[in-house]
Amino acid sequence: MKLPLGLPAPFLAALFLPALFLPAPFLALSPIAADAHISAAADAAADIGAGAAGAAISPGRGSPRAGPVPEPAWSWPLSPRPAVLRAFDPPARPWLSGHRGVDIEAAFDGAPLLSPAAGTVSFVGTVVDRPVITIDHGNGLRSSFEPVASSLTAGAAVAEGEVLGRVQAGHCGPAPPCLHWGVRRGEDYVNPLVFVMDLRPSVLLPPLEPGP
């Protein structure tokens with residue numbers, strides 16, 4: 001593109017400076033993984049169902065809003081205690097692909113999903129092609145589970161350990177059956193395992209001095 005010579009400097013600045021400040025998502029968008037997309041959509045649907053204005057997807061990795069690592073105080077959502085098939089691995093940027101939750105193994109297709117903590121059902125429905133249920137635990141914490149068939153409705157109060165629905169096949173392939181569990185604190189995704197396992201760093205104490 002040719003520009004006429006002699007244009008004043010302020011005019012040229014107005015043409016080119018806005019492009020220098022475009023946020024990264026507008027310059028290059030990376031594809032979002034299917035499970036991350038569905039989880040994000042489920043959380044957005046839960047926000048709408050709860051009457052919220054909507055929340056941005058945040059990785060919860062190194063974010064000051066994510067807060068300190070809590071002591072484990074919830075119950076496992078599957079029994080017996082499940083194996084972790086895929087760990088929490090959030091992306092470095094909200095629009096990148098990643099794993100914003102954990103995949104845990106169910107004992108069998110149709111295994112009961114148990115509420116890890118008391119709360120209120122904020123969303124039940126199909127997102128993309130998977131049945132999802134979201135529980136608002138209060139204090140800004142929400143759990144989302146998929147794929148889960150549930151007869152509960154939004155607004156229902158649930159106690160810790162109460163059956164929320166049944167795990168459906170398909171998330172991890174034909175076998176083993178598994179459950180995707182995501183947790184958000186406010187706008188940030190956090191590792192669900194911190195609520196059921198002690199992931200706090202160990203503190204090494206100095207050796208005891210020998211007695212006299």
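Which residue in β9 is the bridge partner of A149? The partner is R166. This is a predicted model.

**Open sheet**
- The sheet is open and has three strands, ordered β3-β9-β7, with antiparallel pairing.
- β3 (112-114) and β7 (148-149) are the edge strands. Each has a single partner strand, so one side of each lacks a neighbour in the sheet.
- Two bridges link β7 to β9 (residues 163-167), in the antiparallel sense. The A149 to R166 bridge joins A149 to a residue of β9.
- Strands of a sheet pair through backbone hydrogen bonds.

**Largest nonpolar core**
- The largest nonpolar core holds 28 residues. W74, I133, F145, L179 and W181 touch the most other members.
- Two or more core residues come from each of β2 (102-105), β5 (130-138), β6 (141-146), β9, β10 (178-185) and β11 (188-190).
- β10 is the top contributor, with three residues.
- Nonpolar side chains tend to be buried together in soluble globular proteins.

**Contacts of F145**
- Neighbours within four places in sequence are left aside here.
- F145 is in contact with P77, L113, P116, P131, V132, I133, I135 and L164, and also with L179, H180 and W181.
- I133, L179 and W181 are among these contacts, and they also belong to the group touching the most other core members.

**R130**
- R130 sits in strand β5.
- Its relative accessibility is 16%, so R130 counts as buried; the cut-off is under 20%.
- The R130 side chain makes a polar contact of 3.0 Å with the side chain of H171.

Notes. Residues are numbered from 1 along each chain as its sequence is written. This is a predicted model: local features need pLDDT of at least 70, side-chain atom pairs count only at pLDDT 80 or more; totals for chains, interfaces and linings use all residues. Side-chain values use heavy atoms; hydrogens and water are left out. Two strands pair if DSSP finds at least two bridges between them. Helices (H or I, at least four residues) and strands (E, at least two) are DSSP runs, numbered from the N terminus. A nonpolar core is a set of buried Ala, Val, Leu, Ile, Met, Phe, Trp, Tyr and Cys residues joined through side-chain atoms within 4.5 Å. Buried means under 20% relative accessible area, exposed over 50%, partly exposed in between (1.4 Å probe, protein chains only). Contact means heavy atoms within 4.5 Å. A polar contact is a pair of N or O atoms within 3.5 Å; within protein, one must be able to donate a hydrogen and the other to accept it, and residues adjacent in sequence count only if both atoms are side-chain atoms.
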